[in-house]
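Open the model in your viewer and keep the selection panel handy. We will go from stop to stop, picking residues as we go.

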Amino acid sequence: MLVMSSRRRWAVTAGVMTGMLLAAMEATVVGTAMPTIVAAFGGLAHYSWVFSAYLLTSTVTVPIWGKLSDLFGRRLLYQIGIAIFLLGSAACGFSQSMTQLIAARAVQGIGAGALVPLAMTIVGDIFTLAERGRMQGLFSGVWGVSSVLGPLIGGFITDSLSWRWVFFINLPVGIIAAAIIGIALLEPPRQKRPAIDYAGAVVMTAGVTLLLLVLGEGQSPQALMEPRALTLLAVAIVLLVIFIRIEQKAADPIVPLVLFRNRVVAVAVGVGFLAGIAMFAAITFVPLMAQGVFGSTATEAGSFLTPLMLAWVLSSIIGGRLITRLGSRSLVLSGLTLMLVGFVSLATFTPTTPKLLLTLELVLIGAGLGLTMLTLLIASQHSVSRDQLGITTSLNQFSRSIGGALGVALLGAVLAAGLSEFAADPNALVNPAGRAGLTAAELAGMQGALQRTLRLIWASSAAAVFIALLGAMTLRRGRIGADQVKAEAGKRLVVAEMTNIDPAHEPEA
């Protein structure tokens with residue numbers, strides 16, 4: 001780890017938390033402003049692409065940002081990521097059409113791909129294992145707070161100022177974050193000119209982009225089986241096979257395949273992929289269950305996820321403090337078991353299920369996600385050397401995102417198939433005016449079909465978690481003892497000698 005005084009480390013922490021806040025808020029604030037933006041520009045048919053363009057570029061670029069930070073240092077790459085994010089934010093604010101807004105969101109997403117994984121990597125650089133668990137839990141709190149406050153802030157800015165300020169407000173916040181990191185974060189100089197795997201980066205980006213495009217559009221069995229979708233899927237698979245061949249021969253690959261010989265990293269990526277399927281299934285389909293089966297309003301449906309998010313944050317904080325005492329294996333198995341119980345119970349729901357029981361099931365799922373995701377991240381970081389910390393951290397987030405994209409696409413196709421037997425528009429279930437236009441028989445039939453389909457979705461999610469649980473059992477037993485934590489604290493890169501600063505002479509915070 002990098003040696004810095006307590007005051008400097010807290011300054012760096014403030015910088016990366018501010019940067020992460022940008023990404024966390026962007027996920028919720030923009031959604032609140034979108035109806036107003038559509039009213040200004042029209043283009044309702046392109047509504048989803050405002051989100052898809054951002055998610056696509058932010059997901060595809062994550063491994064590249066992680067690897068480049070290993071080659072060139074975290075400070076430079078984090079500042080570049082913030083600069084690209086702010087450029088995209090400004091372009092969004094000045095957009096004059098939906099097409100311009102979508103393009104600007106894609107640019108914004110490229111920068112966002114750096115914010116979260118590099119923030120987590122920097123924490124891994126400057127804190128010991130015991131401290132790292134507490135700090136990563138704190139960062140999880142940023143996402144929890146953002147999920148609650150984001151929609152409120154987005155609505156206030158849109159109503160009081162203009163929807164454009166939803167994007168402009170990022171500029172001062174991002175500049176502050178970049179300035180703090182530039183001043184506070186100290187890194188050793190690079191001794192050699194790194195070799196960049198350009199071919200691997202290009203082929204991986206093309207392959208993953210095509211894969212995400214197919215999954216994003218394949219929201220029905222028919223769409224997934226169309227010649228165009230099958231052709232794009234085949235091309236994506238071929239590109240990813242070529243990518244693996246390139247990585248096997250590259251001098252310094254974007255994704256070092258040797259990493260997967262590390263059992264902890266391999267398990268973290270595999271379990272993260274499967275847990276990502278379940279996580280995005282809950283986030284995507286719980287509001288639909290609330291509206292379509294229980295007849296809740298859109299606002300009430302959104303509040304169904306609050307227990308899950310709060311339990312996630314709380315369990316992340318608790319798990320971060322327990323990892324050195326209990327070890328990664330026991331925490332991951334505990335987290336996956338909680339998720340499994342939650343999804344199995346959720347798969348038995350009926351329209352008469354008490355809301356208190358549903359809340360408890362979502363709390364179990366959220367608590368399990370918090371324990372599992374954070375523990376896997378910290379364990380995989382601890383299992384690699386510093387020059388592989390960036391790509392290892394990025395692979396954790398990348399596998400979860402790809403799992404989520406695949407899960408939502410396949411489960412969305414299951415949903416479409418389950419509702420395809422009805423002549424009436426299934427969208428009427430989540431539209432009060434549409435529900436009023438259905439006969440009692442049509443409404444009961446569609447609600448019953450939706451209930452059966454959602455139960456199948458929850459059972460499928462439980463199956464993914466069960467497979468993840470089997471994989472997690474291959475993690476080694478035991479815990480990281482105090483002697484190992486102290487040994488890690490002794491593995492320091494003495495930045496002070498290179499900068500003529502003695503950390504001991506800097507006042508402690």
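**Stop one: salt bridges**

Select Lys67 and Asp252, whose side chains form a salt bridge at 2.8 Å, N to O (a side-chain nitrogen of Lys or Arg within 4 Å of a carboxyl oxygen of Asp or Glu). Before going on, note that this is a predicted model, in which local features need pLDDT of at least 70, side-chain atom pairs count only at pLDDT 80 or more, and totals for chains, interfaces and linings use all residues. Residues are numbered from 1 along each chain as its sequence is written, and side-chain values use heavy atoms, with hydrogens and water left out.

The two partners are 185 residues apart: Lys67 sits in helix α3 (residues 62-72), and Asp252 in the loop between α11 (227-249) and α12 (263-292). Helices here are DSSP runs of H or I with at least four residues, strands runs of E with at least two, numbered from the N terminus. Lys67 is buried at 5% relative accessible area, while Asp252 is partly exposed at 24% (buried is under 20%, exposed over 50%, partly exposed in between, with a 1.4 Å probe and protein chains only).

Next, pick Arg74 and Asp125, a salt bridge at 2.7 Å, N to O. Arg74 belongs to helix α4 and Asp125 to helix α5 (residues 98-126), so this pair ties together parts 51 residues apart in sequence. Arg386 is in the loop between α16 (355-382) and α17 (389-419), 261 residues from Asp125. Which residues do the shared partners join into one network? Asp70, Arg74, Asp125 and Arg386.

**Stop two: a helix pair**

Show α4 (residues 74-93) with α8 (residues 170-184): their axes come within 10 Å and cross at roughly 170°. These axes are lines fitted to C-alpha atoms over the stretch in contact, with angles from 0 to 180 degrees between N-to-C directions. The two helices are therefore roughly antiparallel (angles over 145 degrees). Among the residues that meet are Tyr78, Ile82 and Phe85 in α4, and Leu171, Ile175 and Ile181 in α8.

**Stop three: the whole chain**

Zoom out to 21 helices and 0 strands. Buried residues make up 53% of the 509 residues. Among contacts (heavy atoms within 4.5 Å) between residues at least 6 apart in sequence, 84% join residues at least 24 apart.

Technical notes: Parallel < 35°, antiparallel > 145°, perpendicular 65-115°, else oblique.
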